[in-house]
Amino acid sequence: MGDSSIQVDKLTPHVGAEIHGIDLSRPLDQRTFEQIHDALVDNGVIFFRSQHLTPEQQKDFGRRFGELHVHPAAPALLEGHPEILVVHADETSRHVAGENWHSDVSCDPEPPMGSILYMHELPPVGGDTLFASMYAAYDALSEPMKRFLEPLTAMHEGEHVYRGRYGVDDRGRVFPKAEHPVIRTHPVSGRKALFVNGGFTTRIVQLERPESDALLQFLFRHVETPEFQCRFRWQVNSIAFWDNRCVQHHAMWDYYPQRRHGHRVTIRGDKPFYRP
Ligand code: SIN
């Protein structure tokens, strides 16, 4: 299948597409790589069904898009694969990965460009993942609000998210924090996207605390607008590949105490910027 054309079926006008006609366990020729890359840039998140990848093959697929990222806090649970984040929930879980709207590790000075999640085990029902287009979120703002937000920057912090989260001794550990533009320009599409999220963003630097709190509350609610979203219903061996620069996601934990298990490979990104 390596050199045939892939089929891209959009899920919604704003975000998400399912890709057919590709076996990701095989090396990608340049044309197929470019088609997948373009589908990701055009749709923000792409989905594949019935894939059969070893951890090494999942990492090889990720490496076609850039260097792999190692999570700054989660313990490496898969021996020999520090770049694989194990996403797991069962009856003993007190948290699950990504259970509120966020963009992965946005507290990093150079947050991940993309994440590739491969699901191995699912509950009988539930455990969907929701994705929201941050282009759509930006585009829906009024012109005065866009002009107000464009010069602003915000702090993104890992401390309140990661401290004590993984049941390991993290005394003395310092978790990343970074200042990023509130509106970022996507380095490939050139489009503007809202870049604050309820997981990591703690304050808007140029505002007083009450002003910042009120504005962030409004923006976090705005991100959740149903029209900006698609919702992915997983099957065993499905893959979701999302672009953290223009999409947020939310893992729906509606299946406790059932099990859900998968592997995430994350691709390093660059420093967010705003270009008028
Ligand atoms: C994540 O935030 O990477 C987890 C997403 C999911 O489990 O659906």
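A polar contact is taken here as a pair of N or O atoms within 3.5 Å; within protein, one must be able to donate a hydrogen and the other to accept it, and residues adjacent in sequence count only if both atoms are side-chain atoms. The structure is a predicted model, in which local features need pLDDT of at least 70 and side-chain atom pairs count only at pLDDT 80 or more, whereas totals for chains, interfaces and linings use all residues. Residues are numbered from 1 along each chain as its sequence is written, and side-chain values use heavy atoms, with hydrogens and water left out.

For Thr129, the distance from a side-chain N or O atom to an oxygen atom of the ligand is 2.5 Å. Of the 260 Å² of accessible area that the ligand has on its own (Shrake-Rupley method, 1.4 Å probe), the protein covers 99%. The residues around the ligand, each with a heavy atom within 4 Å of it, include His102, Asp104, Trp242, His249 and Ala251.

Strand E14 spans residues 247-251, where strands (at least two residues) and helices (H or I, at least four) are DSSP runs numbered from the N terminus. Five of the five residues of E14 are buried, so the strand is largely enclosed by the rest of the structure; buried denotes under 20% relative accessible area, with a 1.4 Å probe and protein chains only. Val247, His249 and Ala251 point one way from E14, while Gln248 and His250 point the other way. Strand E6 (residues 129-133) runs antiparallel to E14 and is joined to it by five bridges, pairing of strands requiring at least two DSSP bridges. Within this arrangement, Ala132 stands opposite Gln248.

A search of the whole structure finds 13 aromatic pairs, defined by ring centres of Phe, Tyr or Trp (its six-membered ring) within 6.5 Å, with planes under 30 degrees apart counted as stacked, over 60 as edge-to-face and the rest as tilted. The rings of Phe61 and Phe65 have centres 5.4 Å apart and planes at 80 degrees, so this pair is edge-to-face. Phe65 and Phe241, with centres 4.9 Å apart and planes at 90 degrees, are therefore edge-to-face as well. The latter pair links distant parts of the chain, 176 residues apart, and both of its members are buried. Ring pairs link Phe33, Phe48, Phe61, Phe65 and Phe241 into a cluster.

Terms used:
Buried < 20%, exposed > 50% of the residue type's maximum accessible area, 1.4 Å probe, protein only.
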